[in-house]
Amino acid sequence: MVHMAEQDRRRREAEDSGRRQAEMILAYREDKLYSEIMAVHQGSIDNYLHNLFSNAIDTASATQAYKEM
């Protein structure tokens, strides 16, 4: 009886260990994916702001040059 209970406990511990390991792998993958997505978003934002400021500077300088003519 004790032997069967011990085997059952070991089996459950092995299952729990496997489940925890799978959860840790999944969490790692999700974290990595989140980081990659955030890097893409940051790059998109940087490009958008660069273009926005560049266009604003070009427009302001053209307007200033026109006024000075």
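Q: How much accessible surface does the protein chain have, and what share belongs to carbon and sulfur atoms?
A: Accessible areas come from the Shrake-Rupley method with a 1.4 Å probe, and for residues only the protein chains shown count as cover. Here the protein chain has about 6600 Å² of accessible surface, and carbon and sulfur atoms account for 60% of that.

Q: What kind of model is this, and how are residues numbered?
A: This is a predicted model, in which local features need pLDDT of at least 70 and side-chain atom pairs count only at pLDDT 80 or more, while totals for chains, interfaces and linings use all residues. Residues are numbered from 1 along each chain as its sequence is written, and side-chain values use heavy atoms, with hydrogens and water left out.

Q: What percentage of the residues count as buried?
A: Buried means under 20% relative accessible area, exposed means over 50%, and partly exposed lies in between (1.4 Å probe, protein chains only). Of the 69 residues, 0% count as buried. One example is A27, which sits in helix α1 (residues 2-68) and is partly exposed at 32% relative accessible area.

Q: How many positive and negative side chains does the protein chain have?
A: Lys and Arg count as positive and Asp and Glu as negative, while His and the chain ends are not counted. The chain has 9 positive and 12 negative side chains, and the centres of the two sets lie 10 Å apart. The place of a charge is NZ of Lys, CZ of Arg, CG of Asp or CD of Glu.

Q: How many salt bridges does the structure hold?
A: Side chains of opposite charge can pair when their charged atoms come close. A salt bridge is a side-chain nitrogen of Lys or Arg within 4 Å of a carboxyl oxygen of Asp or Glu. The structure holds seven. In one of them D8 meets R12 at 2.9 Å, N to O, and the two lie four residues apart in helix α1, about one turn. D8 is partly exposed at 29%, and R12 is partly exposed at 42%.

Q: Which residue does R19 form a salt bridge with?
A: The partner is D16, with the closest N and O atoms 2.7 Å apart. R19 and D16 are three residues apart in helix α1, about one turn. Salt bridges that share partners also join E6, R9, R10 and E13 into one network. Within it, E13 and R9 have their closest N and O atoms 2.7 Å apart.

Q: Which residues form a nonpolar patch on the surface?
A: Patches are made of residues with over 30% relative accessible area and no salt bridge; like charges are joined within 9 Å, nonpolar side chains (Val, Leu, Ile, Met, Phe, Trp, Tyr) within 5 Å. Here I45, Y48, L49, L52, F53 and I57 form a nonpolar patch with about 610 Å² of accessible area together. L52 lies in helix α1 and is partly exposed at 40%.
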